[in-house]
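I have a new structure to get to know, and I am keeping a notebook as I go. Come along and look things up with me.

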Amino acid sequence: MRIDVVTIFPQMFQAVENCGMSRVAIEKGHLELGFWDPRDYAEDSYRRIDDRPYGGGPGMVMQAPQVTRALRAAKSQASGKVVYLSPQGRTLTQERVREFAGGPNLVLLAGRYEGIDQRVLDAEVDEEISIGDYVVAGGELPAMVLIEAMVRCLPGVLGNHESIDAESFSNGLLDWPHYTRPEEFEDRSVPSELLGGDHDKIRRWRLKQALGQTWLRRPDLLKDKHLSDEEASLLREFKIQTLEQGQESSQ
Ligand code: 9WO
């Protein structure tokens, strides 16, 4: 997988290149990153890439010629979809991450200032993606979030593909609670289901917790999800136990 990033702050991506799973993916040859700085495509000695907005108003806008030249240079390396990280975009989901991770190449456009000249977005961008309903100072951190989420989906990166499939959001559910040593901590113990080594009991407990946590925190994720007989039964058990605990604590 090759990902090319158009950004005026390529140095921000050293965190992706030098740390964690993305570093391993690069070292294993599963991921190749390229960076394209619009300042390198400026035609003045000040390497300007922004100017005042037509129509007035605060801030500056990234100029079309320089950004377009950087984008086309990036696309010359590998013909991939161009994704602009923007609060106006379609909210990113795990399913969309998997789709991106399945493609050979991707070009990410990270904006700064008040935005990028609309003529670039109209002519060069295939899709706008948001990582949530908030605004940060630039598209670089959202781009790094997308890159890391994609890296986790690349074959051979995690080493144990089963762990991805079992992971939260891979099956459309939230995660189950995790525990590790010590077994007792400040009078709080580990659920007994996790201690006996019965793998099927552990699997059922984790699935029940994932279903229950999703019901409690993100019922919207269950709305369109088809539950197997086992999942429906486990969720019923969780609901009964939760409601009984609520009744006990209110007495
Ligand atoms: C800024 C803005 C402010 C209020 C309402 C909507 C807004 N959109 C933008 C915008 O697109 N900004 C551009 C990219 C240029 C300035 C920095 N940028 C940015 C991208 N800020 N936040 C994001 C972003 C990207 C993906 N997911 C969440 C936020």
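These are my entries, grouped by topic.

**Ground rules**

I am working with a predicted model, where local features need pLDDT of at least 70, side-chain atom pairs count only at pLDDT 80 or more, and totals for chains, interfaces and linings use all residues. I number residues from 1 along each chain as its sequence is written, and my side-chain values use heavy atoms, with hydrogens and water left out.

**Domains**

I looked up the overall division and found domain 1 (2-151) and domain 2 (168-250); the bounds come from an automatic or database domain assignment. The centres of these domains, taken over C-alpha atoms, are separated by 38 Å.

**Ligand**

Which residues come nearest to the ligand? I found 20 residues around the ligand, and Gln88, Tyr113, Ile131, Tyr134 and Val136 come nearest. A residue counts as near if one of its heavy atoms lies within 4 Å of the molecule.

Next I noted the polar atoms. A polar side-chain atom of Gln88 lies 2.6 Å from a nitrogen atom of the ligand. For Ile131, a polar backbone atom is 2.9 Å from a ligand nitrogen. For Val136, a polar backbone atom is 2.8 Å from a ligand nitrogen. I then checked the ligand's surface: taken alone the ligand exposes 590 Å², and the protein buries 78% of that. These accessible areas come from the Shrake-Rupley method with a 1.4 Å probe; for residues, only the protein chains shown count as cover.

**The start of the chain**

I began with Arg2, which is found in strand 1. I use DSSP runs, numbered from the N terminus, for helices (H or I, at least four residues) and strands (E, at least two). Arg2 is buried, with a relative accessible area of 12%. My cut-offs are under 20% for buried, over 50% for exposed and in between for partly exposed (1.4 Å probe, protein chains only).

The side chain of Arg2 makes a polar contact of 2.6 Å with the side chain of Asp4. A polar contact is a pair of N or O atoms within 3.5 Å; within protein, one must be able to donate a hydrogen and the other to accept it, and residues adjacent in sequence count only if both atoms are side-chain atoms.

Thr7 is in the loop between strand 1 (2-6) and helix 1 (14-18). Is Thr7 buried or exposed? Thr7 counts as buried, at 0% relative accessibility, and its side chain joins that of Glu140 in a polar contact of 2.7 Å.

**The loop between strand 2 and strand 3**

I looked up several residues in this loop, which runs between strand 2 (32-36) and strand 3 (50-51) and includes Arg39. Arg39 is partly exposed, at 24% relative accessible area.

Arg47 is partly exposed at 36% relative accessibility, and it has a positive phi of about 55° although it is not a glycine. Ile49 is also in the loop, but counts as buried at 0% relative accessibility. The C-alpha atoms of Ile49 and Val67, 18 residues apart along the chain, are separated by 7.6 Å.

I found a cis peptide bond joining Arg181 and Pro182, with omega of about 5°. Pro182 lies in the loop between helix 7 (161-166) and strand 8 (184-185). Glu186 has a positive phi of about 50° without being a glycine; its place is the loop between strand 8 and strand 9 (188-189). Glu186 is exposed, at 56% relative accessible area.

**Rings**

How many aromatic pairs does the structure hold? I noted three. One of them is Trp215 with Phe238, an edge-to-face pair at 6.2 Å centre to centre and 85° between the planes. Rings of Phe, Tyr and Trp (its six-membered ring) pair if their centres lie within 6.5 Å; planes under 30 degrees apart count as stacked, over 60 as edge-to-face and the rest as tilted.

This pair links distant parts of the chain: Trp215 is in helix 8 (residues 199-217) and Phe238 in helix 10 (residues 229-250), 23 residues apart. Trp215 is partly exposed at 24%, whereas Phe238 is buried at 7%.

My last entry is Arg96, which lies over the face of Phe100 at 4.1 Å from the ring centre. For this, CZ of Arg or NZ of Lys must be within 6 Å of the ring centre and within 35 degrees of the ring normal.
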